[in-house]
Amino acid sequence: MSLPPTSLPATSLPATTPRIDGRAKVTGRAVYPADTAIAGLAHAALVVSPVARGRLAAIDTAKAAALPGVLGVLTVDDVTGRIGLPRFGVAASSIAPLQDRLIRHDGEILAVVAAETAEIAAEAAARVSFRIEAEAPATGFDDAGAETVAAAEAAGRKDPGQGDIEAGFAAAEVCIEADYETPVQHHNALELYSTTAVWDGEGDQARLTVYEPSQNVNGWRHELARQLGIDAARVRVVAEFVGGAFGGKGPITARTALIAFAARHFGRPLRCVVSRAQGFTAGTHRAETRQRIRMGATRDGRITAFVHDGAEVTSRADPYLVGGNSVTARLYGYGAVQTKLSLVHADRPTPGYMRSPPEVPYVYALEQAMDEMAAALDMDPIDFRRRNDTATDPLSGKRYSSRMLMPCFDAAAKAFGWDRRDPVPGSMRDGDWVIGMGCAATVYPANIAAATARVRLAADGRVTVETASHELGTGIRTAAARMAAEVLGVAPERVTVRTGDSDLPPAPVSGGSNSTASVCSAVARAAEAVKAALFTRLTAPDAGPLAGLDAATLRLRDGRIEADGPYMALDAALEAAGLEAISQTADFIPDGLKPDAVEKLRAGRTPMRGGGSGDLLRYAMGAEFAEIRINRRTLEIEVPRMTGAFAAGRIMNPLTARSQLIGGMIWGLSTALMEETELDRRAARVLNHDLENYLMPVNADIGQVDVILLDEDDRAGNPSGIKGLGELGNVGMSAAIANAIHHATGRRFRRLPIRIDRLFLPASPDVIPGSPTPS
């Protein structure tokens, strides 16, 4: 058998690829964890505390248990000491429900009801009565009983700083000082939190499968096994599709082990779908912050001193912190830097990760302060940032692997029309509308983690990729498919990607925007290994028509093998070599991580590096611009357009990347103008725990959103040059909108969100230039 004399036409990866799982999602064929069909399924409902602090004195389950269809009710008497305590960090909180009678926060679980249907379980939960010896709670800042501690003491955090701060202020000709506040925010994904637990087998050999929306099936498997006291090999966690996560489904909650315990106790597969209202306390949230910035600069716009202090509210139990001033302290070329972070322990649930956890609140304060200093210097905000751009970290002196901040500002400013901006506040009008234009930097560390992947190439040219990563809506399946397609010379639509199952090769937590860089790097390694093994086998002396050829001259394209011109079909070549398919599993360990990183990954941890953790600083960067319009009579705030320019290394799939960035910019608008969890300060309880009163933007609130992707070749962190961008888009937009509101009104709003009532508060005709005096 000889190769045909025709050479294979050159093929290349398409510029962009529609989501390979898009059709399944829009047609309803995508199966989310709470939709998984389970034979013999029973349902659970939670009974939760209506107070934030106290002690459960008594609980009566008789009326609930008597309801037809109820399997039983689990209380503290049934559970205490039978489930291991969660480890804060891997788990969302160390607070374990039903382990004692203390009540530590609003919505703490008091009982679990199991029944034949979800409706019966909910009705039975409402019939559980209890008596609580309540105590006065501390909600947070300024409350009696709240405990304020230095983060350095509570969490072992070092407050970053560098240089002589007093000398820096002494050299300053202009100084500013301002306080900023950001509110509590809660995840409100359309997909509710849920846990479905299924036991298979008896006794010590029983296996547990949990279907739950998760960002870390590999880590959850090990933590769940530890809490339940069983081997991790007997635990499987499945989350094939996740309906929105962004940190809210990252750490495992204590509910997961509790529902698994209840399923084993009642001898039935058990599903608990947490109600929307209970989701405000059953999950995590973004902690509120208070921040103070002091900045000094010379008249020519050089910053000589920068101080950024922050305080965050956490639970009594856990020292959760985001510490975003470690990010702001290195963004510009400050002459001297000083930071300090405090934690306020209160009677609240432990906060958790929410899209861009450190950056969103702290960069908001920094980028407002940058505009405030620019105004004090009578300088254009972009020019002021340009004068303080830096190629090195002011804290460590490390060099940035690449820094595209000012090219992003230049590209976005041109597209946005910044040159048409009149710098005088309140000077731009359109009838009854006052117009403001604002900008801000956005930044996020280019994280990357150890990962593994398995790639299989079949004789028909189809490829299967397997990795225990997660499809959160971010498009990881499509990005991984494109990487495998590129290496193996097939079309992306011929690649099937399996994710979201802890039985697959372990992958890191899908957080910190590391997934695309980490997973695609592992997929590339596995695909290269497939190709190398295939070519070695096909050129072996006994392999048939390709025997004796130099393996280095072979190429895979469109399901065919090319050898310097001639080609033959892949299936024929494999058949001749006696192969049906070839499969390889590969590990990826980023530079700078220890060789045992994959072993740690297999044990449920996520070795990761990025930002300032290596020899170089690796960040994705961008610039975001917003135009706002405020009606001087009604004080309505509109955002007709937003523009962002971003540099995030190699973009694996521009279509889904733009989608991510647009979503992030819209989230930034939501942060600036709408989102706030309202608290009853006397009771430490959430008031607006539904989608009617927790305000978020809808389509009618969003105008034109433009995304510019800049080319950036930065391979310092991984051979593919990929940087995460899922969290980049929402970091700077709240500051850009706040800066635009100042441009329109001449007033600074340093507390988020900026709603009509806050525009209206000062009873003065210059609320907005030319507006009527509020009555």
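Axes here are lines fitted to C-alpha atoms, for helices over the stretch in contact, with angles running from 0 to 180 degrees between N-to-C directions. Helices (H or I, at least four residues) and strands (E, at least two) are DSSP runs, numbered from the N terminus.

Show the side chains at this contact (heavy atoms within 4.5 Å). From helix 14, the residues taking part include Ile 476, Met 483 and Leu 488, and from helix 15 they include Val 519, Cys 520 and Lys 531. By class, the contact has 13 nonpolar, 2 polar and 2 charged residues. Ala, Val, Leu, Ile, Met, Phe, Trp, Tyr, Cys and Pro count as nonpolar, Asp, Glu, Lys and Arg as charged, and the others, Gly among them, as polar.

A word on ground rules: this is a predicted model, where local features need pLDDT of at least 70, side-chain atom pairs count only at pLDDT 80 or more, and totals for chains, interfaces and linings use all residues. Residues are numbered from 1 along each chain as its sequence is written, and side-chain values use heavy atoms, leaving out hydrogens and water.

Next, select the open sheet: 7 strands in the order 3-5-1-14-11-12-13, with mixed pairing. Strand 3 (70–74) and strand 13 (235–238) are at the edges with a single partner strand each, so one side of each has no neighbour in the sheet. From one strand to the next, the twist averages 20°.

Zoom in on strand 5 (residues 109–115), which runs antiparallel to strand 1 (residues 42–48) and is joined to it by 6 bridges; two strands pair if DSSP finds at least two bridges between them. Although strand 3 is an edge strand, 4 of its 5 residues are buried (under 20% relative accessible area, with exposed over 50% and partly exposed in between, for a 1.4 Å probe and protein chains only).

Now show helix 7 (residues 217–228): this helix lies across strand 11 (194–200), strand 12 (207–211) and strand 13, at about 140° to strand 13.

Jump to Val 707, in strand 34 (residues 704–709). Val 707 counts as buried because its relative accessibility is 11%. Beyond neighbours within four places in sequence, the contacts of Val 707 are Gly 644, Phe 646, Arg 658, Leu 661, Ile 662 and Met 665.

Last, some backbone stops:

- Asp 558 has phi near 50°, positive in a residue other than glycine, and is in the loop between strand 25 (554–557) and strand 26 (560–563).
- Leu 635 is another non-glycine residue with positive phi, near 65°; at 5% relative accessibility, Leu 635 counts as buried.
- Leu 752 and Pro 753 are joined by a cis peptide bond, with omega about -10°. Pro 753 is in the loop between helix 19 (733–745) and helix 20 (756–760).
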